[in-house]
Structures are given as structure tokens and as C-alpha cells.
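Keep the structure open beside you as you read.

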Amino acid sequence: PQVNGVNSFQQEKDDLTDQTQVGFGKSHRPLRRSKRRWIITTLELEEEDQGPFPKLVGELFNDMSHNMSLMYVISGPGVDKYPEIGLFSIEDHRNGRVYVHRPVDRETTPSFMVHFNVVDRLTREIVDNSLIFNIRIRDTNDHAPQFPKKEFNITVQETHPAGQPIFQMVTVDLDEENTPNSQVFYFLISQTPLLKESGFQIDHISGEIRLSGCLDYETAQQFTLLIGARDFGEPSLTSTATVHVNVQEGNNHMPTFIQDNYRIQISEGRTSEGVLRLLVHDGDLPFTSAWRVKFNILSGNEEGHFHILTDPETNEGILSVIKPLDYETHPVQSLVIAVDNEEPLFPCEEGQLRGPRGAGTRATVSVQVTDSNDPPAFHPRSFVVSEADGARPGIQLGAFNATDPDGAVGRIRYKLAYDPANWVTVDEFSGTVTTRQQIDRESPYVNDSFYMIIAHAVDDGLPPKTGTGTLMLFLSDVNDNAPALHPHSRFLELCESAANQSLLLWAEDSDLEPYADPFTFELDNSWGSDGDAWKLGKNQGRSVELLMSRSLPPGNYSVPLFIGDKQGLSQKQIVHVRICACLGGVTCAEPLVAVAGPGLLVGALVPPCAAFMILAATLLFLLRCYFVSEAKPRRPVVCEEGQQTLIPYNDESKAISTQVVESNASCFLTVKSGAPSCPAHRCRVGWAGSGHLLPDRSVSFQRPDAWLPISTNPAPIPCPRPGGCTRQAQTHGHFT
């Protein structure tokens, strides 16, 4: 190969040193004139030149060679430095000829910057400045375009439009850029399978792979493309890569009905599931969104009698009747049903993929309704009648009206189905509703002034059918209830220390506006000596304050007052107030004592119940002692004098009935006949005869420790209670 010197020239240059200033003074260096030198900018060497070696690259000269004998020296990369040492040399230092000793790879080192010096042979001094020259390696096409890898796997939707890129091939050529050696040309070598309607193209310059035609997953699920890349060098070099195109299922097949027309018969008056199953066919992959279908009733179902669902396993349409049909209204109906996929449809027509389509194919379902006995129909099914509260028996409220939808001439009978308060009757043949007893709006069966009455109408068909009608009776209110105290305001407690505080009394009225609140409150001043002890405070419409007008001692008080409604209807009410001593000034120290009347407090029942239990236990024990004493020798009653003792008494006499003594101390003593009396002594109440003295606990005494003179003569028993007693079992000494 030919070696050339390019852009060689001789340059003479004067260099001046920089002048620097330090502080306020100046430092000067002497000017020095540089020597002449040769600069050869570039020498060219062909890449991968095979020799023979050493091979001349170029020759260098100096204009001083005619005056003295010179020696040439080179150094730098390619000579004695990295990247390659010993690649270049001068023949014998006698001339400026530069040689290369082996092939050079441009892709490894595209150029070399070599230093060239001229030295005096005798003095060994450099007679000129260093010459720097560039050895450029000229490129040859020794590298083919390379793909990043040999095989590629890509996925493409079945609905991918034609002409749009699906993938781009990229290569790398190590030859010199922007030369024919590195410019790449892409081409499609082969396609497997090769289909007329489904093909691929590749852009020769950009390497983009595009689809031509339409993909069909059911025809080919994968394509294999062999792609080639060739450069423009001399000679051109080529490489290949394989692309596997996997087709992903899309919706490009329209679902179609197996048949276009269906005929079915349905009985009227009832619902039914699955009256018809509609079969469809879809060419897409089963159990995908492109295969699954949805049905829509386009016409014939304006009244909502039908509903259609999709069977997820078979992709069939299941038609059901969700609202009963009526033979008399629509004996024949026609349904138009459309079918679509869950995924939008992109059909392929003439090798081109079309845009998404709307409704798919359609089928017609003719429905023949068969006649059956229908229940009577009420006209209207529900109606409202207004009547005043307190209406008397015998008032006609209205009438139910029912007809037979079948149009048959027959008799309809009415029956009362719901009348919880038993207020009305229904005529069997006319359906007239009449009151049978007085109506009360305050009845618990009345809800927001409405009372519901339900009647049935039964025809004489086979089998008989029953219809249902409703009458809503609206009861307008009258002022038939006077306001009364709320139950929580009937019994109140007031601490003695808080006598200046007010009690809040609440009232209620069962009537409605304008027969209810605001209420009027007025004390009854004719109720005795304590009438001036109380007064009323602020009236808040439904409540009023009750205050003491003077100090009262602890005890129970009844405060009567009149409560009137907005129309002046009033009644007398009693407030029971207990004034008591309070622990900490909050609650009464003792539980509330029972108050006569219907408002007894639950807490007042506890002491009588406890006393009754103790009394019963004591009686059982005393009865046992009594019967035991019949079988043992009697012992006398011991008189108490100082310390009480038991004295044995050996005389036995016939037992007689027990006697009870009368005493001003309101207590009693039972003794056995034959026991000594204690005229001069006083004895404790108890039983005698068994050797024990037991206090009788069946009666609460005013003086439990009182002593009584013993007497064996029967005497009437005084009652210790002011209200009177009923005598029971005198031998046992019980008062009730």
C-alpha cells in the first residue's frame, strides 16, 4: 500500500514569554526566539495491512542536513509507549524514513502522535525542536453489523393495526462512523409461517418491523422472523438475528347466534327462571374477554318482565321471567336480543383491521302467554279514608272494589284479613267497610294517626285466587284527652337542706295540635291548711316549676293542681312530695315510704317483704316447739325477778286452749293452763311449756321490752294498728 505525507509544511515561530507582576514591582524575563522546525500533520497507514514488513510509512527531512551530519530519533505512542511498543521505527538513524513492523487495528488505535527529533551526530545535541506528526490509520471494512443478541421474543396484540411498528432492530458496526463501512441496511430474510393475510415488513434504514395485514390468533399464535443487517463497505459484511413474534388473543371474531328466531310459551301470573337458553358461537379463544359475551334486550321488554344473563361456562344466554306476565294485557310478546363481547370488537376486513364495532348480531324471541286464573284485582289497591277520632259504630268508612282480570262472569267475595283492633266489618258481597265499635286514635294500633285495614277478594275460579286490598283509615284528632302528669313527676323527693330549690313537673297529652301544649298549671287552693305552702314558678309550656313558699318539716305532702291544654280542657292531678334529710345533701337518708294509691314505689315493698319472710320462719319454728311441748312434761312460765331462771314444775294437768292477755302496752302473751301466774311480777312475752322462753317476732311492738301481768282468763285482743286488724288464729297470736 502507498504511504503518503499529508499537509506537510514548515513553520517558523517566535515565542515570547509571559510577563508577570508581583506586588507593586515587575519581573521581566529575556525574550527568546524559537528555532525552526518541521511539522508534518498527518501520515496515513492502511488498517490491517499485511506487509511485507517492515514497510515504509514516510520520509522526513531537515534543511540543515547539507551543513552537518544529522541523526534522526522518534519516540512516543507506537514507538516506546503504550498502546503499542515497537510498532514504528527509523531504519538506521541516518535518514528520516519511518517504517511499520506489523498490521494495525484501527478499532483499537485509530491514530498515533509520534515525536521526531534531529540530533547532531558529533555533539549529540538536538539541533532543532521536536517534530510532532500524526499517523492516521485508514479504515477498512473488517467488521460486520452486530445485533445485541441473536434471538428476540416480543408479544403483539391480535388487534394491532397494520402499518404500525411493533419492534425496532438495532445493530452496532465498529468500523469508522459516517462511512459506508458502518452504514447498515436491514432486510427480512424469511417469515414462518408465511401467510397471505398476515405478513411483516422491516424498514431498511431504521430497522422498524411493521405488520402488514391482520393477525389471527386462531390461525397462527406465533411467527418467526429472520432479520439480516448488511453494511455498504467493500466487500459488504452481513449478520442475522431471529425475532419470535407471539400473538396475544384479541377480539376480532363477532359472536353469532346459532339460530335467529325462537318461539316459547309462558304461563301468565308467575315468574320463572331459565325459560330459554340462547346458543352463540365465537371464534376467539374460549374463556377470555374476547370470547365471553353479554346479552341485551333491545326491544319488547319495556315493562321489565324479562331478564337475561350469561352462563359463564357455556357462554349461553339464560332468559328468565322476573315479573309475571298478563294474558289479558299482552297475550303475545316479541323480544329482540343482541349479543356482544365483553371486549370491543376489531374485525379484519380485506386485510385491514377495522375500528371497534357496536351491537353485534341479533335474534328474535316470540313469547306466547298462556291464560290462567288470575286473582281479583283491587281498584285501587290502596286508598285512604278520613274519619274523626271517636267515631261511633255503624259508620260506613268506604268500600273495597275488586274485579276479575280474566273477565269471567263470577262472584267475588270479600273477607276481612287484618283489623287488629276489631273496629270494622266488611260486607262479603259489596266490600263495604262499616265501624262496629267506637274508634280511638290513641290506640296502640294507630301509627301516626293511620289505622290499616286489609281485605281479601276471592273469586270462584278453579282453583280460587285471592287478591289483597288496603284501606288506610286516617283519624283526625279531637280534644278527648286532658293533659296529665308524666309518671316521673308524680312522686318526687326534696332534701330538707335544699328547700329553696324548685321541682320540675312535666305533663303530657295524647292529643295532637291544637289540642295539646302549651299547658296551663294552677294549684288547687281548696286543699287544706297547707295550701299556702307551695307555689308555681316558670311555665315552660310542657313543664312548670314547683317551689315551697314557706319552710316545711320532713314528711310526705300531697300537692293537687289543675293542668289544662291549649283548648282549656283540664283535670286535677296530685304530686306526692317527700321532704327528707339527705346524706351529703343529695339523696334521702331513708328509702321512700310507700304512698297509698296506684303510684307505690318499688323500694317501699322491700321492708314488708323482708318482715314477711322473718315472720314465716318464726312461725314454723314456734309451731315445731308447740307440737314438741305436747309430748313433754310441761314446765311453768318463769317469772322474772332480778335474773330470770327456769323452775321445774312436776304437776301435769290437762292441756287447754291457749289464752291471750290484754295489755295497754299493745303486746300479748300465750301460756298453757296449769302454769303459775305471776300476779306480783311482770314476765317477758314468750312460750311456756317447753322449758324455753322465746320472744315472738311476728308482730312489731311499739314497746318491745314491755312487761305484762300474766292472766289465764281469755280476753279480747286489742289491735295495735290504727287502721284495724283482722284476727287470725288467736291461739298463735297473729295480727294481720
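This is a predicted model: local features need pLDDT of at least 70, side-chain atom pairs count only at pLDDT 80 or more; totals for chains, interfaces and linings use all residues.

Strands here are DSSP runs of E with at least two residues, numbered from the N terminus.

**The chain as a whole**

The chain has one helix and 51 strands. Of its 736 residues, 38% are buried. Among contacts with a separation of 6 or more, 65% are between residues 24 or more positions apart. The accessible surface of the chain is about 41600 Å², and carbon and sulfur atoms contribute 52% of that area.

**One sheet to look at**

Strands of a sheet pair through backbone hydrogen bonds, and they can do this either parallel or antiparallel. In this chain, an open sheet is built from four strands in the order 30-37-36-33, with mixed pairing. Which strands stand at the edges? They are strand 30 (382-388) and strand 33 (413-418); each has a single partner strand, so one side of each is left without a neighbour in the sheet. From one strand to the next, the twist averages 30°.

Strand 30 and strand 37 (residues 466-476) run parallel and are joined by seven bridges. To find a spot along this pair, look for A388, which stands opposite S476 in strand 37.

**Backbone details in the loops**

| Cis peptide bond | Omega | Loop holding the proline |
|---|---|---|
| F53 and P54 | about -5° | between strand 4 (37-46) and strand 5 (55-59) |
| D517 and P518 | about 5° | between strand 40 (503-508) and strand 41 (520-523) |

N315 is a residue other than glycine, yet its phi is positive, near 65°. Is N315 buried or exposed? Its relative accessible area is 3%, and buried means under 20%, so N315 is buried.

S449 is not a glycine either, and it has a positive phi of about 75°. This serine sits in the loop between strand 35 (432-435) and strand 36 (450-458). At 8% relative accessibility, S449 counts as buried.

Key
Residues are numbered from 1 along each chain as its sequence is written. Side-chain values use heavy atoms; hydrogens and water are left out. Two strands pair if DSSP finds at least two bridges between them. Axes are lines fitted to C-alpha atoms, for helices over the stretch in contact, and angles run from 0 to 180 degrees between N-to-C directions. Buried means under 20% relative accessible area, exposed over 50%, partly exposed in between (1.4 Å probe, protein chains only). Contact means heavy atoms within 4.5 Å. Accessible areas come from the Shrake-Rupley method with a 1.4 Å probe; for residues, only the protein chains shown count as cover.
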